[in-house]
Amino acid sequence: MDHDQIEASDHVVIVGAGVAGLFCALKLAPRPVTLISATLLGEGAFGATMQADIAAAVSSGDSPDSHAADMIAAGGGLVDESAAHALAHDAAARIEDLLRLGVGFDRDHKGELATSRAAAHTTRRILSVRGDFTGQAIVAALVAAVRATPTIRLIERHVADALLTEDGAVRGLQLRKAGDSAAAPVLMAAPAVVLATGGVGHLFAATSNPDHSNGIGLAIAARAGAIIADPEFVQFHPTAMMTGHDPAPVVSESLRGAGATLINRRGQRFMLPRHPLVDLAPRDTVSRGIMAELSAGRGAFLDARDVLDDDVAERYPMLHKACVAAGLDPTRQPIPVAPAAHFHMGGLAIDSRGRTSLEGLWAAGEVAATATDGANHIAGNALLAALVFANRIAEDISGRTLASPAALRNIAFAEPAGADPSLTERTLREIMTSRVGVIRDEDGLAEAIAVIARLERDSADPALRNMAGAALLIATAAWSRRESRGAHCRADCPAENPSFAQRTMTTLSAARAIADELAARPTTRLPRSLSA
């Protein structure tokens, strides 16, 4: 299509067809919606949740207040307590929505919803479908409902690579065919845009996320001037299977909840001296424990031999599929594991209704920073928050009279000052894993920022420039937070510092300013491979 093509309609445009995007579209019905999916609908949707479970205080003896207390305890002092309580109290209603859509949650012998424990939860409140099939089952139910809703228009295999603004308000977006940076962009005017583009895992070489979870939503909003919250806090799932696959399959936390243990090559349970909750300690603690074993050459494995029987294919279908692909028998062999980038606690700063700092732009799912994670995210809350905030956004938009989108004219297509083809996605992903990964330090972060800033400025590929923009926000915020808190671990600043006991609020211009400041320092050098 010619880049001058402009489409204007009264549809709310939702970018991203994972759990948050699909659910928001359904909740907006019968208001007309255009849903933009980076893949065929339901294919690889929202990678971090495809093997995730969902947390909700639905059992006797549990309560939303207890669920909120666990969020607050895990969040390293950065959780907004009222937001945590509101999220936990909305959980039961969203579970009811899923049941109405036909999601077949596991049941106990009494026919009640079955629950299990997971890391950082003080009681059993994890709901699952066939063990580790929860995310798949929820996506399948939402996709079926979306396809049956005539007011939802679907555009598949397209991504938004820019937001269009006027006087600081979002008035539309620029679409491009997924995976084709040379394709002519298409402009779309819209009275409201909802970003539900997922996370940032694919910015890292080791990740559980699919390739479209690459920070693009974060980047395009930041380029438009949106405030970004807490970008330094990236959670690494401690038990990704290390079998050479990209993305790496995740071994569900529910397996550890059922009694599987972490061991090294010697058979030692290395988490025993590290935390009272041992293998169910918060994910950042477990990730660092595993990294210590790997660094020492002792290896790290999840031993589920006493938990799994020959019915593993039925009880844990996703695990079975991954093990078959890797030639592993988890009933007889421990599973090799290592941390992988999994969930971004940071994202667009939003309020309790999902509104961002830009008029006309909302955000839900992993691209949004909900104030309920703080410095660390607990199992089961990703799916829950995606559903809760998608519902709140739909309510907020439904209560408004949206102006018809104005025709878009004279839109400038700025190209980068440079166009260096030597800068690649692999360069970015490798330096993010090695310097901005589980354990960070000032020199490594400064080195990463120098490389990332050059990518963001000079890459010839608009998709890579967006990835680098998201990476720059993460790396500069990590450099600025000179302490260790939650998932953010600084080897050179190993303790929490009370002066950093507040959330980060930043912008892309602020991140670029930090990169410029570091570039002016004589001690900041590009790695030898990139300085030629």
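## Exercises on a predicted model

The buried residues of helix H9, which spans 317-326, are Pro 317, Met 318, Leu 319, Ala 322 and Cys 323. Keep in mind throughout that this is a predicted model.

**Exercise 1. Find what covers the buried residues of H9, then see what follows the helix.**

Step 1. Start from the buried set, which includes Met 318 and Leu 319.

Step 2. Look for the elements that cover these residues. Among them are three helices: H4 (134-147), H6 (253-257) and H8 (312-315). Strands S12 (234-241) and S15 (335-344) also belong to the cover.

Step 3. Move on along the chain. H9 is followed by Gly 327, and the phi of this glycine is positive, near 70°.

**Exercise 2. Describe the overall build of the protein: which elements does it have, and how compact is it?**

Step 1. Count the elements: the protein has 14 helices and 19 strands.

Step 2. Compare the radius of gyration with the globule rule. The value is 22 Å, close to the 24 Å that the rule gives for 532 residues, so the protein is as compact as a globular protein of that length.

Step 3. Along the principal axes, the C-alpha atoms fill a box of roughly 65 × 60 × 45 Å.

Step 4. Turn to burial and surface. Of the 532 residues, 59% count as buried. The protein exposes about 20200 Å², and carbon and sulfur atoms supply 50% of that area.

Step 5. Finish with the contacts. Among those with a separation of 6 or more, 71% are between residues 24 or more positions apart.

**Exercise 3. Is Thr 39 buried or exposed, and what does it touch?**

Step 1. Apply the cut-off. Buried means under 20% relative accessible area. Thr 39 has 14%, so it is buried.

Step 2. List its partners, leaving aside neighbours within four places in sequence. Thr 39 is in contact with Glu 156, Arg 157 and His 212.

Step 3. Follow one partner further. His 212 is also one of the residues nearest the centre of the second largest pocket.

**Exercise 4. Characterise the second largest pocket and the second largest cavity.**

Step 1. Take the pocket. Its volume is about 670 Å³, and 38 residues line it, with Ala 38, Val 159, Asp 211, His 212 and Asn 214 nearest its centre.

Step 2. Trace that lining to its elements. Strands S3 (33-37), S7 (158-166) and S8 (169-177) each give two or more residues, as does helix H13 (462-480).

Step 3. Sort the pocket lining by class: 16 residues are nonpolar, 14 polar and 8 charged.

Step 4. Of its 13 lining residues, Phe 343, Thr 370, Asp 373, Asn 381 and Ala 385 are the closest to its centre.

Step 5. Ask where the lining comes from. Helix H10 (residues 381-398) gives the largest share, 4 residues. By class, the cavity lining has 6 nonpolar, 5 polar and 2 charged residues.

Conventions. Residues numbered from 1 in each chain as written. Predicted model: local features only at pLDDT ≥ 70, side-chain atom pairs only at ≥ 80, totals over all residues. Heavy atoms only, no water. 1 Å grid on protein atoms, 1.4 Å probe; cavity = no way out; pocket = protein on both sides within 12 Å on 5 of 7 lines; lining within 4 Å. Points joined across faces, edges and corners; volume = space filled by probe spheres on them. Nonpolar A, V, L, I, M, F, W, Y, C, P; charged D, E, K, R; others polar. Rg over C-alpha atoms; globule rule 2.2 N^0.38 Å. Buried < 20%, exposed > 50% of the residue type's maximum accessible area, 1.4 Å probe, protein only. Contact = heavy atoms within 4.5 Å. Areas by Shrake-Rupley, 256 points an atom, 1.4 Å probe, with all protein chains shown as cover.
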